[in-house]
Amino acid sequence: MSDLVQGDKTGDVALDEKVKQYIKVRYNKPGNVFLGVVHRIDRPVSGAVIFAKTSKALARMNTLFREKNIIKTYWAIVKNPLPNLKGTLVHYMVRNQKQNKSYTHTAEVKDSKMAVLHYHHILSSDKYHLLQVTIETGRHHQIRAQLSAVGAPIKGDLKYGFPRSNPDGGISLHARSVAFLHPVTKEKLFIEAPPPVEPLWNYFLEEIKKP
């Protein structure tokens, strides 16, 4: 399971606090260190996270996200194959705050928000299937809920219908990459995070590398 990105009621030390401490030591900064969370992931999810070291950078990065000028790519391991090798899922989602869970509907309902997800099948093992996923909308638990809604819950995701948890308590959803233009230099940035070191992820990586 990944580190908690920001502090919550559990009281566990969050990733942002660890990064603040790193910046404080690395750059010998006195006093409090500013750190803004630009791109966060759910705690059971692995992968890339983006922080901003200044409030100006945070504002500019938030604008990139709001204007959809950032491409976020996820990998998901699912038990059941989807009917097509690639496609688009559209649902209307309602978030239940008390349960910390989102519910999908095929038509608009009260308090729902549209969720749009694109996927394509990368490859399969004997029992599982690796999907690449991009999202047009950033809804709460969107990938987890939408894949579950079409009969393909993510491996280890008990909350959304997978029958067994993963040994580490995480789920097999990985924020694989983030691509965007640097808001100041306009340099093309591509950030890619390796999946967890775990037999099934290792298998898929090795298969992808084969000619």
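Predicted model: local features only at pLDDT ≥ 70, side-chain atom pairs only at ≥ 80, totals over all residues.
## Exercises on strands and side-chain pairs

Both W75 and W201 are buried.

**Exercise 1. Find what the average pLDDT of the protein chain is, and where pLDDT stays under 50.**

Step 1. Start with the whole chain: the average pLDDT is 89, and 93% of the residues score at least 70.

Step 2. Residues 1-8 have pLDDT under 50 throughout. For this stretch the model has 30 contacts beyond four places in sequence.

**Exercise 2. Work out how the rings of W75 and W201 are arranged, and which elements their pair ties together.**

Step 1. Count the aromatic pairs: there are 2. One of them is W75 with W201, whose rings are 6.4 Å apart, centre to centre.

Step 2. Classify the geometry. The planes make an angle of 20°, and because planes under 30 degrees apart count as stacked, the W75 and W201 pair is stacked.

Step 3. Place each residue. W75 belongs to strand β4 (residues 71-78) and W201 to helix α4 (residues 199-209), so their pair links parts 126 residues apart in sequence.

**Exercise 3. Trace which strands pair with β9, and in which sense.**

Step 1. Begin with the strand itself. β9 covers residues 173-181 and is mostly covered, with 8 of its 9 residues buried.

Step 2. Take β4, the strand that holds W75. β4 runs antiparallel to β9, with 6 bridges between them; T73 is opposite S177 of β9.

Step 3. Move on to β10 (residues 188-192), which is antiparallel to β9 and joined to it by 5 bridges. Here S177 stands opposite E192.

Step 4. Look at the connection: β9 and β10 make a hairpin with 6 residues between the strands. In its turn, K186 has a positive phi of about 65°.

Step 5. Finish with β2, which pairs with β9 in the parallel sense over 2 bridges.

**Exercise 4. Decide whether S46 is buried or exposed, and what its side chain contacts.**

Step 1. Locate S46: strand β2 (residues 46-47) contains this residue.

Step 2. Apply the cut-off. The relative accessible area of S46 is 11%, and buried means under 20%, so S46 is buried.

Step 3. Find the partner. H174 in β9 is the bridge partner of S46. The side chains of S46 and H174 also make a polar contact of 2.7 Å.

**Exercise 5. Describe how β5 is joined to β6 and β7, and follow K101 to a ring.**

Step 1. Strand β5 (residues 86-96) and strand β7 (residues 113-124) run antiparallel, joined by 8 bridges. M93 faces K113 of β7 in this pairing.

Step 2. Strand β6 (residues 101-105) is also antiparallel to β5, with 5 bridges joining them. N96 has K101 of β6 as its bridge partner.

Step 3. Check the turn. The hairpin of β5 and β6 has 4 residues between the strands, and N100 has a positive phi near 50°.

Step 4. Follow the side chain of K101: its charged end sits over the ring of Y160, 5.5 Å from the ring centre.

Key: Residues numbered from 1 in each chain as written. Heavy atoms only, no water. Pairing = 2+ DSSP bridges. Buried < 20%, exposed > 50% of the residue type's maximum accessible area, 1.4 Å probe, protein only. Polar contact = N/O pair within 3.5 Å; in protein donor to acceptor, adjacent residues only side chain to side chain. pLDDT = per-residue confidence, 0-100. Contact = heavy atoms within 4.5 Å. Phe/Tyr/Trp six-rings, centres within 6.5 Å; stacked < 30°, edge-to-face > 60°. Lys NZ or Arg CZ within 6 Å of the ring centre and 35° of its normal.
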